Structure formats: structure tokens, C-alpha cells
Amino acid sequence: HGAVHNATSIYNPADNTYATGPVLPATASAGTNLIRVSTGAASGKLLLMHGNSTTASLYDDATNTFTAVGSAATSNTNNGAFTFLITAGINAGKYMVVHGNSSQSTSISDADLTNWSIGQIVPYTAGAGSHGFRLFAGPNAGKLLILFNSTTTTAYYTDASDSFANGPTMAMS
């Protein structure tokens, strides 16, 4: 539920209802984001990066429970934060968090989400409204395109070389 809460709700699309969900092991706030884990010991679970903190937890669909991740991001996850799977190169199978809150910092997990280290610096500050997504076609297929907050700037992340480069300029912010 965010705004410094540890409550959750579960949506049931079959009957369009919500039910009380499991309690988070720590509060969540602005910048909370999640991603389905597809690698390592936590494969199949949801990785939840708690906003306004370095805390992370894993959601297990089978048991409808959250458990705290022992070690998490190297800096707070805040407004504009997002997490993605690195698909190639020296960090293949690991997850990167772009921290948000007008910073350029990132954290990279190990394959089992038990240890995190400082990652590459993004070329521009990421804040409220920043997000990234994979490109599936065109000359930059496979790269992550990052849109930065309140600007016309973008960047590409190339997994194989673990590097960021300037992307195309948007027509408006």
C-alpha cells in the first residue's frame, strides 16, 4: 500500500475483488517496485524493493508470504526507481536497481539475491517518472531503454558490455 505501510492487498481478477494480503517484513514507500525473479535460488518468486529504504523482500505465490532478503540495495530505492534482469555479459542472471530520487546510482545483486554491490552510474539523474523497458525490435533490440524524469534525455543499457550510453532525445519531457 505504500506511504510507509507494511500492508498488502491481493487482487483476484476472476471476481474483480481485493482481499487482505500478507504483511511485508518492512514498510514500503515511494519508489517501491517489483519484478518476477527468473534466475537463481529465488526463481519464480517476486522481488520487492521497498521504497525509501535499502530493504528488499521476496513474495512466494505458493505460500502467500513475504520473507526479508538478508542483504539488499547499496542505497535507498526511491521515486523513479526500477529493477531489471541483466540478460548477458559478466552480470547475466543478476538484477540491477536504478535507485531514483534524482541520483545516478545503481545496485547489482548476486545470482541468489543475497549480496548486492554498487553498480554502474547511469548517465543522467533518475527520479519520479523515470522508468526503463526492453526493446524487442530495431537496431537496439535487446537493450534496456531508460527514460529520465522531467527531461528529454534517455539512455541505453547494454547487458553484454555492462555499460550505459546516451539514447535518443525525446521531443518533449
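Two strands count as paired if DSSP finds at least two bridges between them. With that criterion in place, I turn to the structure shown above, which is a predicted model.

I begin with the sheet. Four strands form an open sheet in the order β11-β12-β13-β14, and their pairing is antiparallel. At its edges are β11, residues 131-134, and β14, residues 163-166, each of which pairs on one side only. On average, and with direction ignored, neighbouring strands of this sheet are turned by 25 degrees against each other.

Let us now go through the sheet pair by pair. Strand β11 pairs with β12, residues 144-147, in the antiparallel sense, over 4 bridges. Within this pair, Phe 133 has Leu 145 of β12 as its bridge partner.

The next pair is β12 with β13. These strands run antiparallel and are joined by 4 bridges. Here Ile 146 has its bridge partner in β13, namely Ala 155. The two strands form a hairpin with 6 residues between them, and in the turn Ser 150 has a positive phi of about 50 degrees.

The last pair is β13 with β14, again antiparallel, with 4 bridges.

Ser 102 lies in the loop between β8, residues 95-98, and β9, residues 106-109. Its phi is near 60 degrees, a positive value in a residue other than glycine. Is Ser 102 buried, exposed or partly exposed? The relative accessibility of Ser 102 is 49%, so this residue counts as partly exposed; the exposed class begins over 50%.

The second residue is Leu 113, in the loop between β9 and β10, the latter covering residues 116-118. For Leu 113, too, phi is positive and near 60 degrees, and this residue is not glycine. Leu 113 has a relative accessible area of 1% and is therefore buried.

Definitions and conventions: Residues are numbered from 1 along each chain as its sequence is written. This is a predicted model: local features need pLDDT of at least 70, side-chain atom pairs count only at pLDDT 80 or more; totals for chains, interfaces and linings use all residues. Side-chain values use heavy atoms; hydrogens and water are left out. Buried means under 20% relative accessible area, exposed over 50%, partly exposed in between (1.4 Å probe, protein chains only). Axes are lines fitted to C-alpha atoms, for helices over the stretch in contact, and angles run from 0 to 180 degrees between N-to-C directions.
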